[in-house]
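Hi everyone, thanks for making time today.

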Amino acid sequence: MKRSVQGMGCSCCLAPLAGAFWQGSLRFGKLLRTNNRPDTYNNLSIVMRKGKWTVAYGYGAPASGFEQNMRGRIIETARAMNVGGTQFSTFKNSRCNPRYWIRNSNGGFQLRSDVTPSAAINDIFINGRLYAFECAMAMVMIFYKATIDSIGENAFNRYFTDLFLWDWNYDNNLRMITTFNPWEMRPGDVVYFKNPDHDPEKPEWQGENAVLLGNDSYYGHGLGIKSADGIIASLNRERVPGSRISAYLANEALHPDFAYIQTLSSRSALPPTGSGSARNKIFSRIGVKSYIIK
């Protein structure tokens with residue numbers, strides 16, 4: 001499980017707060033501790049970074065009803081993929097249902113011209129046992145499925161054409177937004193666990209993309225649903241022998257442009273905004289440099 005983009009922020013280990021009972025009060029950017037609830041205050045998740053209390057994610061400005069609904073769909077879809085039978089694989093060993101997708105030489109999946117985009121995406125969650133792919137592709141699939149459930153199949157088929165699933169390739173109508181502020185991370189975001197000292201013989205373990213499901217709960221394709229500590233422990237088992245450099249949760253998070261996607265459901269009578277070939281549409285992605293195993 002690995003991933004993509006430059007510019008990682010934090011280089012420290014992150015350990016989620018556990019086993020202690022704290023409640024946080026936010027005043028002038030400081031977190032004050034009192035004895036009460038374990039690790040949340042007004043939907044904030046508290047973690048330890050460099051020995052200081054910090055908020056891992058919070059809700060900031062109130063989200064629109066559409067955004068709240070779509071974030072819920074992202075979380076539900078991640079949980080569905082977890083039990084849907086899909087498997088993790090490198091690009092070299094990826095597989096798909098040939099009824100809907102054409103697997104190309106780099107391990108990506110090209111939408112067949114005789115099927116609708118929504119049917120092809122839905123099939124991943126219906127016939128999961130026929131599919132194997134790496135973790136970035138899984139995140140894009142989850143975003144697509146949540147979009148279908150949020151705007152409907154007709155609008156999705158109109159605007160999300162010529163889909164090509166590979167790494168962080170995605171249709172420009174998702175309009176991904178990346179944040180590097182831990183305070184802005186919310187359930188439904190995709191976050192990244194980096195493993196800087198991974199075994200060089202196993203580039204797929206250089207990190208893990210994961211959907212933030214809620215308080216200290218994450219879905220990573222191939223690892224399943226785990227706490228942050230659980231994902232970090234899994235990645236640490238794949239370090240070079242003798243390494244003392246731990247994997248950690250990076251500061252970056254990514255999500256679709258919910259406000260823009262909402263407009264697609266009400267513009268079905270207008271011409272598409274020019275989806276074009278999805279092969280050339282990587283706009284935002286998180287993690288480290290991509291890899292291909294030949």
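Strands E8 and E9 (residues 109-111) pair in the antiparallel sense over three bridges; strands here are DSSP runs of E with at least two residues, helices are runs of H or I with at least four, both numbered from the N terminus, and two strands pair if DSSP finds at least two bridges between them. Within this pairing, Trp101 has Leu111 in E9 as its bridge partner.

A quick word on the source: this is a predicted model, where local features need pLDDT of at least 70, side-chain atom pairs count only at pLDDT 80 or more, and totals for chains, interfaces and linings use all residues. Residues are numbered from 1 along each chain as its sequence is written, and side-chain values use heavy atoms, with hydrogens and water left out.

Back to our strands. They belong to an open, antiparallel sheet of three, ordered E8-E9-E11. E8 (101-103) and E11 (164-165) are the edge strands with a single partner each, so one side of each has no neighbour in the sheet. Helix H2 (residues 117-126) lies across E8, E9 and E11, at about 70° to E8; axes are lines fitted to C-alpha atoms, for helices over the stretch in contact, with angles from 0 to 180 degrees between N-to-C directions, and contact means heavy atoms within 4.5 Å.

Now the other sheet. Six strands form it, open and antiparallel, in the order E12-E17-E13-E14-E15-E16. On average, its neighbouring strands are turned by 35° against each other, direction ignored. Inside it, four bridges join E13 (residues 190-194) to E17 (residues 248-255), and Val191 stands opposite Ala253 in E17.
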